[in-house]
Amino acid sequence: MSAYGERPWLALYPEGAPSGIVPEHGTLLEMFRASVERAPGTEAIRYFDGVLTLADVDAASDALAVALAANGFVRGDRLAVYVQNDPAFVVGLIAAWKAGGCAVAVNPMNKAREVTYLLADSGAAALLCLDELYDSVARDVIASGETQVRTVVTCSPLDWQTRHDPRLFGGVDGTGAGTAEGPVPARSPRAGTLDLLSLVREFAGRTPEPHSPRPEDVAVLTYTSGTTGVPKGAMNTHAGMVFNTCTYREWMGLSSGDSILGVAPLFHITGLIGHLTLSLLLPCPLVLAHRFHPGVLLDALREHRPTFTVGAITAFIALSTAPGVRREDFSSLRVVYSGGAPVAPAVTERFRELTGLYIHNCYGLTETNSPSHAVPLHTEAPVDPASGALSVGVPVFDTVVRILDDDGAEVPAGEAGEIATQGPQVVPGYWGKPEATAESLPGGELRTGDVGFMDERGWFYLVDRKKDMINAAGYKVWPREVEDVLYGHPAVREAAVVGVPDAYRGETVRAFVSLKEPEREPAERQSGEPAAEGSVSEADLVAWCRERMAAYKYPRSVVFLDELPKTSTGKILRRELRDGAGGVGGTDDR
């Protein structure tokens, strides 16, 4: 048996922890109904000053399911959900299942071209959409006739709350002048659409025709980012989503006495499983705040006192360095995990110094329904002494992970290769793309495209994406390693490293950095001059890396940006930096 088949990581599980789990529910709808029956009065959603119980969510999703069916939605249809972290997302998701179909999670940052592709590719028959997104994007997409959408339901971020926080909702239809004071005018109806709250009132008390999805049925189509081609719809099944929802509960030691801060976007697999379905399973309150805004999320922390969250490390950086933040703001949090983007050891230490909390690492993909690896609770992840990488943890329950070379053969412990994952949480394939399924999921094992390695004890380390590797004069440079060194500098807030064309090396290393305030270097200072107290230059950061890395690895140029481009989930967009890097100056130190 191979080293991976022997699963050495099981010895790292907490004493008494099982190697596998058996979820008590076969589908998400069965799971939700069991929670409603057990505790209908439990608060399901806290949204500013609004509260919805499980019974409220059940009634609203019943009404929407009936309304969808009345407008031609049938078993097997898809409801696209194009909203932010609002109660409407939860209601829409459950209504799609109750109506016999599945949901399509749409990134609210997507524009017309992207939305057209997702609606057309999924064959969505109905769309649940924020007013503002309908006005700016979806109206023209539907009018184009390039999709199969027959029914559009619009909603407002003001639904189910009355606070109208001007930091988020200034100018939103229904807020008047964008303040929380004074009269609140009625929303303007969108011609040709149905209004969500009106449907909930119109169909109140009615129940949809009973539908019972099978465990293998698709619950949600979540689209990959398309970094290696067109986005693909991962078929997240009821069984896979239930399994990893239970994984969160058991691995993180959560119960109905907890509450969850919705840091991650709900359309993303981390928010979908680690926030939404987890809250429905426990059941416990899910604190939502429309979209990520550090000040608004800090206020939610102070008001609602959640105990658990999981999100991208960039979100935690933003929260811990926001104006007016205090250590006690984080005191209610008992368990914190970070996923979605690599974490540098220096960042976890800095976060602990600021908040008193240790961030546990986890790792997974859209295709693994969130975690395939996680650091065991109350355990600190080791740092690889050679690369300086922080471990992403160990494979979770019932999961086998191998490291493969370019020919698909297993490599020994300690050697880097592609991460390949097999387990109950892995999706069966991509919607309508059998060729892509066969390529990425041979025999049901996911070839992730991520490069990593396992040490002798069974800890796993993520090196980087295969496509992000830099080839500098024949030497492999992994951006992640350079970024970790940059994060160790006390002035660096965020860092991203890419390869750029170089006449001498073929490729060379360039870093993009945002600095903490007030350490941004004065514009008049020349490169190479010594740094004044409280400031840092390009030469300073190049020297910092040069002292800590092999000569071929350290960046030859550093570009300062106020903010690094990110996805809506907080992952830094290296691709965007790489595409725009041509012609950006820097040192020519070979």
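Figure 1. A disulfide is a pair of cysteine sulfur atoms within 2.5 Å, and a search of the whole structure finds 0 of them. Cys 362 is likewise in no disulfide, its nearest cysteine sulfur being 17 Å away in Cys 246. The model is predicted, so local features need pLDDT of at least 70 and side-chain atom pairs count only at pLDDT 80 or more, while totals for chains, interfaces and linings use all residues. Residues are numbered from 1 along each chain as its sequence is written, and side-chain values use heavy atoms, with hydrogens and water left out. Burial is judged by relative accessible area: under 20% is buried, over 50% is exposed, and values in between are partly exposed (1.4 Å probe, protein chains only). Cys 102, at 4%, is buried, and Cys 362, at 9%, is buried too.

**Figure 2. Helix H8 is mostly covered.** Helices (H or I, at least four residues) and strands (E, at least two) are DSSP runs, numbered from the N terminus. H8 covers residues 238-251, and 14 residues at 1.5 Å each should span 20 Å, in agreement with the 20 Å between its end C-alpha atoms. The expected span is 1.5 Å times one less than the number of residues. Of the 14 residues in H8, 12 are buried, among them His 238, Met 241, Phe 243, Cys 246, Tyr 248 and Trp 251. After H8 comes Gly 253, with a positive phi near 65°.

**Figure 3. Arg 163 and Glu 303 form a salt bridge.** A salt bridge is a side-chain nitrogen of Lys or Arg within 4 Å of a carboxyl oxygen of Asp or Glu. The closest N and O atoms of Arg 163 and Glu 303 are 2.9 Å apart. This pair links distant parts of the chain, 140 residues apart: Arg 163 sits in the loop between strand E6 (151-155) and helix H6 (166-169), and Glu 303 in helix H10 (residues 294-304). Arg 163 is partly exposed at 31%, as is Glu 303 at 41%.

**Figure 4. Arg 574 and Glu 483 meet in a salt bridge.** The N to O distance is 2.9 Å. The two residues join distant parts of the chain, with Arg 574 in helix H16 (residues 574-579) and Glu 483 in helix H14 (residues 479-487), 91 residues apart. Arg 574 is buried at 11% relative accessibility, and Glu 483 is buried at 8%.

Figure 5. An α-helix has 3.6 residues a turn, so residues three or four places apart point the same way. Arg 352 is partly exposed at 23%, and Glu 349 is partly exposed at 34%. The structure holds 32 salt bridges. Elsewhere, Asp 165, Arg 167, Asp 299, Arg 302, Arg 326 and Asp 329 are linked in a network of them.

**Figure 6. Seven strands form an open sheet with mixed pairing.** The order of the strands is E7-E6-E5-E3-E4-E8-E9. E7 (194-195) and E9 (233-237) are the edge strands, each with a single partner, so one side of each has no neighbour in the sheet. Two strands pair if DSSP finds at least two bridges between them. E6 and E7 pair in the parallel sense over 2 bridges, and Thr 154 has Asp 195 in E7 as its bridge partner.

**Figure 7. The largest nonpolar core has 186 residues.** A nonpolar core is a set of buried Ala, Val, Leu, Ile, Met, Phe, Trp, Tyr and Cys residues joined through side-chain atoms within 4.5 Å. Phe 308, Tyr 337 and Val 513 have the most contacts inside the largest core. A second, separate core of 7 residues includes Ala 234, Val 426, Tyr 430 and Leu 446.

Figure 8. Leu 282 and Pro 283 are joined by a cis peptide bond, with omega about -25°; Pro 283 lies in the loop between helix H9 (269-281) and strand E11 (286-288). Arg 305 is not a glycine, yet its phi is positive, near 50°. Arg 305 lies in the loop between H10 and strand E12 (308-311) and is partly exposed at 30%. Asn 369, also not a glycine, has a positive phi of about 55°. Asn 369 is in the loop between strand E14 (360-365) and strand E15 (370-374) and is buried at 1%.
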